[in-house]
Amino acid sequence: MNAIIVSDLHIGCRYFLYQGFERFLGNISEDHELILNGDIIDKPYAKLEPPHQRILDLIEQISYRQRVVWVRGNHDNGYLPRGFGKVHFKSLHTIEHRLLIAHGDDFDEIMPRNQAFIKAFKLMHDLRVKLGAKPVHVAHYAKRWEAFYRVLRSNVMMNAVKCAMENGYEAVTCGHTHYSEVTQFNGVTYINTGAWTEFPTFYLLVTPEAMTLKMVGDAF
Ligand SMILES: [Mn+2]
């Protein structure tokens, strides 16, 4: 079976790269399952600008011609629009025993326990932008805090790998950290598909032979 997996679109967020994503959707083969691995909507039920709403409409249209699975993330948990095409909403997804697909927030022991810090951090970031710094998504800014970011990333990776091992999966893919990477840990392949809020953007291509993290380039 063939599948295309993306995560962390954050539709509705000002940093969502909707133009690139619209081109990307237009190039997806019909014989591929499209898997949206969490944080697809930034804020459920917020009114969307027309170009962002158009992406949701396109996803709905695609669901009538090929299978679309939406794995919930921490931003879109509980987002179940009525009559949203044939989109399947799930909290976890799998491809045979090859790949476990989870957004990654369940593996994150750092962020939920540091809400006060995260709140202060977001506030500092907002103020920076108001004072004239180049606006970027807060996760993009957080990457400058390398030590903190490394702890966050490896925490998600290690718990994801542990879960994959315990349940007999060869590989696991997550989003959540907004940091694309492929690593091997304890014999399990961990693939993070990054986010569509900053360049470059990525998708995971699954074919019967291979799983490949691809950068979205000129082909899209
Ligand atoms: Mn996210």
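**Exercise 1.** In this predicted model, find which residues of helix 1 meet which residues of helix 2, and state how the two helices pack.

*Solution.* Start with the contact surface. Helix 1 contributes Tyr18, Phe21, Glu22 and Leu25, and these meet Pro51, His52, Ile55, Leu58 and Ile62 of helix 2. Next, take the axes: helix 1 (residues 18-26) and helix 2 (residues 50-65) lie 10 Å apart and pack at an angle of about 20°. Angles under 35 degrees count as roughly parallel, so helix 1 is roughly parallel to helix 2. Last, the handedness: the crossing of helix 1 and helix 2 is left-handed.

**Exercise 2.** Work out in what order the five strands of the open sheet lie, and why one side of strand 5 and of strand 8 is left without a neighbour.

*Solution.* The order is 5-6-7-9-8, with mixed pairing. Strand 5 (93-95) and strand 8 (181-185) are at the edges and have a single partner strand each, so one side of each lacks a neighbour in the sheet. From one strand to the next, the twist averages 20°. Then look inside the sheet: strand 6 (residues 99-101) and strand 7 (residues 171-174) run parallel and are joined by three bridges. Leu99 has Ala171 in strand 7 as its bridge partner.

Methods: Residues numbered from 1 in each chain as written. Predicted model: local features only at pLDDT ≥ 70, side-chain atom pairs only at ≥ 80, totals over all residues. Pairing = 2+ DSSP bridges. Helix = DSSP H or I, 4+ residues; strand = E, 2+ residues; numbered from the N terminus. Axes fitted to C-alpha atoms, helices over the stretch in contact; angles between N-to-C directions. Parallel < 35°, antiparallel > 145°, perpendicular 65-115°, else oblique. Left-handed = near helix turned anticlockwise from the far one by under 90°. Contact = placed C-beta atoms within 7 Å.
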